[in-house]
Amino acid sequence: LKRGLNVTGQGATRTRTFHSKLNDAALALMDQGINEWIDSAGVEVKCVSSCIGIFEGKKPEPHLIVTAWY
């Protein structure tokens, strides 16, 4: 991406989306992945949203979808 990260504390310039099945182990793994991404990328998260939606695969399953703007 060509635009720089906005580190002024205002606004967001990029997004990252995570998704997980709806069970304890999968949600814990998603939490770990989000925390590792924040630590390794050194980003400042500006806003987060979440919703439940159907992901297509071998069979359609509900997933938690989390989008982080940074």
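Me: Let's start with Val-45: what is its relative accessible area, and is it buried, exposed or partly exposed?
Reply: Buried means under 20% relative accessible area, exposed means over 50%, and partly exposed is in between, with a 1.4 Å probe and protein chains only. Val-45 falls in the middle class, because its relative accessible area is 32%. So the label for Val-45 is partly exposed.

Me: Before we go on, what kind of model is this?
Reply: It's a predicted model, where local features need pLDDT of at least 70, side-chain atom pairs count only at pLDDT 80 or more, and totals for chains, interfaces and linings use all residues. Residues are numbered from 1 along each chain as its sequence is written, and side-chain values use heavy atoms, leaving out hydrogens and water.

Me: Where does Val-45 sit, and which residues does Val-45 touch, not counting those up to four places away in sequence?
Reply: Helices (H or I, at least four residues) and strands (E, at least two) are DSSP runs numbered from the N terminus. On that scheme, Val-45 is in the loop between α1 (24–41) and β2 (47–55). Contact means heavy atoms within 4.5 Å. Leaving out residues up to four places away, Val-45 touches Trp-37, Ile-38, Ala-68, Trp-69 and Tyr-70.

Me: Take Ile-38 from that list: which residues is Ile-38 in contact with, leaving aside neighbours within four places?
Reply: Ile-38 is in helix α1, and it counts as partly exposed at 27% relative accessibility. Beyond the neighbours within four places, the contacts of Ile-38 are Val-43 and Val-45.

Me: And Tyr-70, is that one buried or exposed?
Reply: Tyr-70 lies in the segment after β3 (61–69). The relative accessibility of Tyr-70 is 14%, so the call is buried.

Me: Zooming out, in what order do the elements run?
Reply: The protein has one helix and three strands. Reading from the N terminus on, the order is β-α-β-β.

Me: Why is the protein called more spread out than a compact globule?
Reply: The radius of gyration is taken over C-alpha atoms, and the globule rule is 2.2 Å times the number of residues to the power 0.38. For 70 residues that rule gives 11 Å, and the protein is well over that, so it's more spread out than a compact globule. The C-alpha trace spans about 40 × 20 × 20 Å along its principal axes. The radius of gyration itself is 14 Å.

Me: What share of the residues is buried, and what share of the contacts with a separation of 6 or more joins residues 24 or more positions apart?
Reply: Buried residues make up 24% of the 70 residues. Among contacts with a separation of 6 or more, the share from residues 24 or more positions apart is 51%.
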